[in-house]
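Okay, thanks for making time, everyone.

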Amino acid sequence: MYEEDYAVKILSDFIKINTSNPPGNEEEAVEFLDSILTKEGLETQIYLPVKKRANLLSKIKGRKKGKPIVLLSHIDVVPANPDEWDVHPFSGEIKDGFIYGRGAIDMKSQTISQLFAFIDLYKKGIVPERDLIFLATCDEEVGGKNGIEYMLNEVKELQEASFVLSEGGSFIEENGFIHAQIAVAEKKISQFMLKAHGQGGHGSMPSQDSANEKVIKASYEIISHKWPIKVTGVVNSYLNGILKDKTIEGVRFNTLKEGLKNKKIREALEANPLFNALLRNTVVPTILKSGEKINVIPSEATIYFDARLLPQENKENFFSRIKKLCGKDVEVIMLDGSAVDPKPSSYNTEYFKGIKETIRRSKGDIPVLPCLLTGASDLRYFRNLNIPAYGFFPAVFDKEEILKMHGKNERISVENFINAIEMTKDIVNFLAKCR
Ligand SMILES: [Zn+2]
């Protein structure tokens with residue numbers, strides 16, 4: 001039996017280890033988790049891809065060989081500026097019933113929940129049907145090269161996993177209603193930059209060959225292009241689940257298909273940044289790099305774009321479209337070199353069903369919906385191998401809390417965290433029974 005205070009202290013101490021990525025420095029955090037596992041008698045293995053970066057794996061042997069079930073989490077966090085926070089982001093401060101700090105939501109609280117559930121199963125002497133692996137990785141926040149990518153190459157059995165559970169979904173509370181989101185797919189990162197060259201010189205005598213004008217014109221074409229709405233199965237299930245019977249702009253929402261035909265509903269959905277991102281590719285300029293002096297015309301200009309494609313989109317088609325929009329005056333340079341092309345995980349599986357039943361046993365008959373993540377996570381590497389991979393952390397968040405995730409004053413309430421540990425145990429108990 002773990003004690004609640006102990007769990008809270010562990011999370012607080014874990015947050016205190018600054019794993020901001022870059023640079024990451026996850027080795028100390030891995031040693032911290034390792035000491036907890038070994039103290040309980042579990043065997044562990046630490047993998048060091050490069051200096052100060054580390055991954056941790058522990059396994060409970062199952063009845064059958066091969067095809068393990070993996071509890072996956074990343075231990076790096078995005079950087080935090082202490083000046084913007086009310087408490088220091090790496091103090092792990094516990095105040096007014098909340099545990100504060102970078103990683104309190106994304107995703108150190110889930111790492112600790114998985115850790116406790118894993119240890120709990122082991123201490124109860126339960127032998128899972130399949131090997132159960134606890135895997136904590138580094139480097140997720142900048143792409144996973146030293147983390148999950150390294151581990152998949154190093155530990156071949158991970159490539160044959162039968163199921164992976166990690167981050168992405170949770171319980172969402174809105175206007176007194178609660179529903180569960182289980183992330184089964186994510187959009188594809190397709191970042192790129194535009195670069196143009198031109199005649200540099202003095203601002204008082206411009207030539208017609210301007211690098212800045214070329215990237216601005218090309219960017220304008222990209223920005224004004226309206227990517228078509230395409231409904232995927234996951235998004236259809238999700239939006240129908242949360243919007244059914246709601247009134248939008250005075251119109252009753254029945255089904256997504258019908259709603260999109262109604263101008264008022266369609267425009268309201270498009271005006272909501274999340275819904276809009278679920279329904280179409282998004283392409284947005286993020287970094288503009290060009291001249292440095294007001295009276296000097298630069299000879300080179302670049303604009304970076306963050307683009308996220310719907311799961312069914314083809315990257316090649318997307319980039320040929322971008323090139324067509326840009327014209328010949330600019331160079332389009334793709335920035336995501338990885339060959340990962342994840343397909344959505346099916347949600348017609350024993351795993352989805354089992355997790356849903358586990359949820360309903362303690363939360364009652366709430367909607368449990370598959371969802372598409374607009375961001376990217378390490379799960380894309382498993383989906384790329386056609387391994388069912390879900391993102392679900394059984395904690396309850398409202399919209400405001402979710403926004404704190406990569407922002408300031410990230411926190412999780414003690415009650416929420418403790419409940420999440422308990423439900424993670426229930427889920428792991430279920431997974432232990434999966435053949
Ligand atoms: Zn994360």
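So, the protein chain is assigned two domains: domain 1 covers 4–185 + 341–433, and domain 2 covers 188–334. Those bounds come from an automatic or database domain assignment. Before I go on, this is a predicted model, where local features need pLDDT of at least 70, side-chain atom pairs count only at pLDDT 80 or more, and totals for chains, interfaces and linings use all residues. Residues are numbered from 1 along each chain as its sequence is written.

Back to the domains. Taken over C-alpha atoms, the centres of domain 1 and domain 2 are 31 Å apart. Twelve residues from domain 1 and twelve residues from domain 2 make the contact, where two residues are in contact if their C-beta atoms, placed from the backbone, lie within 7 Å. On the side of domain 1 that touches domain 2, β9 (177–186) and β19 (368–373) each supply at least two residues. β19 gives the most to that side, with four residues. By class, that side of domain 1 has nine nonpolar, two polar and one charged. For the classes, Ala, Val, Leu, Ile, Met, Phe, Trp, Tyr, Cys and Pro count as nonpolar, Asp, Glu, Lys and Arg as charged, and the others, Gly among them, as polar. And the element names are DSSP runs, numbered from the N terminus: helices are H or I with at least four residues, strands are E with at least two.

Which order do its three strands take? It's β4-β5-β22, an open sheet with antiparallel pairing; two strands pair if DSSP finds at least two bridges between them. β4 (94–95) and β22 (411–413) are the edge strands, each pairing on one side only. β4 and β5 (residues 98–100) run antiparallel and are joined by two bridges, and K95 has F98 in β5 as its bridge partner.

Lying across β5 and β22 is helix α14 (residues 414–433), at about 75° to β22. Axes here are lines fitted to C-alpha atoms, for helices over the stretch in contact, and angles run from 0 to 180 degrees between N-to-C directions.

Now, what meets α14? Helix α3 (residues 108–123) does: the axes of α3 and α14 come within 8 Å and cross at roughly 50°. That makes α3 oblique to α14, since angles under 35 degrees count as roughly parallel, over 145 as roughly antiparallel, 65 to 115 as roughly perpendicular and the rest as oblique. The contact includes F116, F118 and L121 of α3 and F417, I421 and V428 of α14. Its classes are nine nonpolar, five polar and two charged residues.

Then there's helix α11 (residues 350–363), whose axis comes within 10 Å of the α14 axis, crossing at roughly 140°. On the α11 side we have G354, I355, T358 and S362, meeting M423, D426, I427 and F430 in α14. That contact divides into four nonpolar, three polar and one charged.

The peptide bond from N21 to P22 is cis, with omega near 0°, and so is the one from P22 to P23. K67 isn't a glycine, yet has a positive phi of about 45°; K67 is in the loop between β2 (55–60) and β3 (69–74).
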